[in-house]
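This briefing looks at aromatic ring pairs and at one helix contact. Please view the structure first, then read the points below.

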Amino acid sequence: MDKIKKNDDFKIERTKAEINESSKRRFIPRYFKFDYFKATFKKEIIGGISTFLAMVYILSVEPSILKQAPSIKDSSVTMNEGGIFVATAISAFICTFIMGLFANLPIGVAPSMGLNAMFTFNIAHNGIGYEGALIATLISSIFFTILSITKLRTLLIQCIPHSMHLAFGVGIGFFIAYVGLTNIGWFETTGGIPSAQLSNFKLYYPGIIIGMVVLFGSIILFYKKFIAPVALMMLIGFIIAVILANTVNDSSSISASFNNSVWNGWSYDDFSGFGSNIKNAYSEFTNVNIWNKPVMYVSIFIFIILNFFDATGTLKTINIETNKITERNDELSNKSLIIDASSTVIGSVMGVSHMSAYVESCVGISQGARTGFSTLITSLFFLLSLALFPLFKMIPNSVSGAATVFIGTIMIKSITDIEWKKPEIGLGAFFSIIFMITTYSIANGIAVGMIAYTVGCISTKQVKKVPILVWLLDFIFIAYFIAYAFIQ
């Protein structure tokens, strides 16, 4: 009898455990609305991993750009690269996790391409160093979050024509492709800014060759429907670069192209730079040499405008692409806008440039990601990447640059959806795209593009078509260009 009772008790306990486990499984689909979005665990996990692999390049690109930002105390000292990597991984983990958990969207968040270039080349190099640039990032991010909470951001999204949103996304694509081609080694740079001149091929040809192999290989695999083609080609390019850097010791071209790919051991010593970057920056909060320069105040203003339209344009682009893939017509939720904005505050506190939603999230969506559960998977991989830091810091600029160019090619696909036959749209889109590339600034492109759009409406006798908020934007953009003169 006792034996039978024990067996019954065991069955009861097992049944309870199975019920609890089943309840947990049901909780996740219910919380993330699997039924509504027609999601499955398998597709969510595959989609989350795919999004991470599509975004993983930022772990090498962000440090490669921000490490060029000088200190206000000594221009020969720059931000610690290892610290930037740690900050990038942690901030991406936190912000992506929040986006998935509370906005329930399959969107990854990380430091924004374009804004990081602005941080380094247009702000830090203009007298306030990376310390002042990071403080300006924090202050502008707080204002940006307030604007998003008040729904002003939503109103501005609605008053700008759909085709202009597409043009912003296309312009950003061309811009980051330009950044990537420069990192591969194609163009000469002056103070970190690309010039319209080819580089020294004799010196940089190994990096250019490897970079183009990675780029074209990614494109081929992408159209062959491979999952995470960029990550795979980056791995191949990285392995080749490491072999060359560690075996060919007497070549100046190999050294110039792959100088950071030499193996120095499995060390995490550079992690200390995470704390030092933050400490060095915010210990200068009372430094009068930051606050007595007009560039500081102008930078805050420019960062607000730049972050507002860069992040908004990217989110809108993701929303458009997501609706295409899922055959839905969902509007951007205000919750996603607030989380996207607050992420910039988290990133600046961590020691990186402005954070933003990533258009690469569309890669995960194309692989089946539909809810925030896939985003949680993406965030966990960013956290795990910390363990692989010694390998990530060895990725040469030519390889990470190739990934950047590839993303640019993906982002310009919407160029055919722009209403070019409408004069006001054609003018606005053209000037938006061309100014982003030629001035090396996303903000400039958006500003000139919107002014050109208004001019187009005036020229075609469609003044009544221009919303009051667009007129207000035009005046703000004119003030922006006047203010910009003070940071040159």
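**Aromatic pairs and a helix contact**

Phe389 is buried, at 1% relative accessible area (buried is under 20%, exposed over 50%, partly exposed in between; 1.4 Å probe, protein chains only). The model is predicted, so local features need pLDDT of at least 70 and side-chain atom pairs pLDDT 80 or more, while totals for chains, interfaces and linings use all residues. Residues are numbered from 1 along each chain as its sequence is written, and side-chain values use heavy atoms, without hydrogens and water.

Aromatic pairs
- Rings of Phe, Tyr and Trp (its six-membered ring) pair if their centres lie within 6.5 Å; planes under 30 degrees apart are stacked, over 60 edge-to-face and the rest tilted.
- The count by this rule is 21 aromatic pairs.
- Tyr31 and Phe32 are edge-to-face, because their ring centres are 4.9 Å apart and their planes stand at 80 degrees.
- Phe32 is buried at 4%, whereas Tyr31 is partly exposed at 36%.
- Phe271 and Phe389 make a tilted pair, with 5.0 Å between centres and 55 degrees between planes.
- Phe271 is partly exposed, with a relative accessible area of 26%.
- A cluster of linked ring pairs holds Phe27, Tyr31, Phe32, Phe34, Phe41 and Phe373.

Helix contact
- Helices (DSSP runs of H or I, at least four residues) are numbered from the N terminus.
- Residues meeting across the contact (heavy atoms within 4.5 Å) include Ile58 and Leu66 in α4 and Phe119 and Phe121 in α6.

How values were computed
Helices (H or I, at least four residues) and strands (E, at least two) are DSSP runs, numbered from the N terminus.
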